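Please read the following points beside the sequence and the model. They are meant for someone meeting this structure for the first time.

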Amino acid sequence: MRLGFVGLGNMGAPMAGRLLDSGHDLVVFDVNADAMRALADLGAATARSPREVADTADTVFMSLPTPAVVLEVALGEDGLVHGTQVRHVVDLSTTGSPTSARVAEALATQDVCLVDSPVSGGVTGAAKGTLAVMTACPDSQFALVEPILAQLGRVFHVGATPGLGQAMKLLNNYLSATALAVTAEAFVFGAKAGLDADTMVEVVNAGSGRNSATQDKFPRAILPGTFDFGFAIGLMYKDLALFAEQADTLGVPLFTGSAVRQLWQFARDQMGADADFTTIVRPLEQWSGVEVRSLRRAGE
Ligand code: NAD
């Protein structure tokens with residue numbers, strides 16, 4: 001099976017690398033020439049447009065930033081939908097259920113199946129093949145794509161209808177964004193009260209307050225002050241906006257969600273959309289006049 005990959009960013013590059021490593025022929029496209037060159041150096045063929053990828057590959061993966069870019073790459077003038085070879089388009093991006101449904105419907109007119117398959121687990125999970133892969137497509141199509149998706153991580157078949165993978169991913173990211181936001185507030189509170197940052201992390205991780213921020217994001221990117229987790233604050237805000245939009249459509253209340261979303265919006269405006277999402281702690285630190293950083297030397 002010849003595979004294609006469009007969108008070779010923080011997540012796409014390591015996922016595409018894993019598909020190459022597992023022995024598949026891969027053709028790639030990205031608007032960023034440097035991103036394509038890095039994959040070409042690893043053995044991938046390059047294309048000049050999404051359509052050209054879909055002219056040569058039967059299964060094409062997308063890992064793209066926003067719903068607008070996914071719509072353009074899938075359905076635009078030079079989009080995948082016009083490719084002569086493609087039968088499956090696997091969308092690994094986070095774009096929300098309505099975009100998935102729209103892309104699935106348009107691709108189906110050309111007998112192409114959309115496999116709605118967002119992922120969670122960050123850049124490290126993408127490189128190690130330990131992502132949670134949340135796949136929604138009919139059973140018969142799932143049987144075909146599951147062995148390839150298994151190269152990326154643990155695959156969950158969450159439903160038959162495109163959009164259900166997105167719903168699963170959005171609720172996951174709501175939890176992850178909330179954990180990081182409230183942990184930032186809690187640890188800034190602790191620092192201002194006089195507690196040591198490493199001690200707070202150790203104690204919370206031995207107690208009932210532990211979460212993905214205390215176990216991973218704070219120790220890895222905030223305590224050392226590197227702020228290099230690999231997910232842009234603008235993309236996290238995008239996920240929360242998509243979540244809020246869908247909750248509104250479904251008639252589900254988001255008391256906590258409204259506050260969490262506003263905090264992320266504030267942090268994005270203060271830090272810039274391209275800043276790493278772990279910088280959400282910075283405006284809270286500046287407001288309070290403290291920093292949540294490790295005083296221990298690396299390796300201690
Ligand atoms: P990114 O911005 O690092 O990468 C996006 C890539 O798409 C870039 O290389 C960019 O050049 C390319 N691109 C943009 N427009 C294009 C176009 N028209 N045609 C072809 N390529 C185009 O983003 P990312 O962090 O890799 O995230 C990708 C998707 O995965 C997003 O939907 C994000 O929400 C989701 N996601 C990210 C993470 C993470 O930790 N970074 C984790 C899970 C899911």
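1. Valine 90 is buried, with a relative accessible area of 1%, where buried means under 20% relative accessible area, exposed over 50% and partly exposed in between, with a 1.4 Å probe and protein chains only. The model is a predicted one, in which local features need pLDDT of at least 70 and side-chain atom pairs count only at pLDDT 80 or more, while totals for chains, interfaces and linings use all residues. Residues are numbered from 1 along each chain as its sequence is written, and side-chain values use heavy atoms, with hydrogens and water left out.

2. Valine 90 sits in strand β5 (residues 88–91); strands (E, at least two residues) and helices (H or I, at least four) are DSSP runs numbered from the N terminus. Leaving aside residues up to four places away in sequence, valine 90 touches Thr59, Val60, Phe61, Met62, Val115, Ser117, Val145 and Leu149, contact meaning heavy atoms within 4.5 Å. The C-alpha atom of isoleucine 233, 143 residues apart from valine 90 along the chain, is separated from that of valine 90 by 25 Å.

3. The protein chain divides into domain 1 (2–160) and domain 2 (167–298), with bounds from an automatic or database domain assignment. The centres of the two domains, taken over C-alpha atoms, are 28 Å apart, and their contact takes 15 residues from domain 1 and 13 residues from domain 2.

4. Of the 26 residues around the ligand, Asn10, Met11, Asp30, Leu64 and Lys238 come nearest, a residue being near if one of its heavy atoms lies within 4 Å. The shell divides into 12 nonpolar, 9 polar and 5 charged residues.

5. Oxygen atoms of the ligand lie 2.8 Å from a backbone N or O atom of methionine 11, 2.8 Å from a polar backbone atom of leucine 64 and 2.8 Å from a polar side-chain atom of lysine 238. The protein covers 87% of the 830 Å² of accessible area that the ligand has on its own, as given by the Shrake-Rupley method with a 1.4 Å probe. Helices α4 (67–75) and α11 (233–250) are the elements that give two or more residues to this shell.

6. In helix α1 (residues 12–21), the buried residues are Gly12, Met15, Ala16, Gly17, Leu19 and Leu20.

Technical notes: A polar contact is a pair of N or O atoms within 3.5 Å; within protein, one must be able to donate a hydrogen and the other to accept it, and residues adjacent in sequence count only if both atoms are side-chain atoms. Ala, Val, Leu, Ile, Met, Phe, Trp, Tyr, Cys and Pro count as nonpolar, Asp, Glu, Lys and Arg as charged, and the others, Gly among them, as polar.
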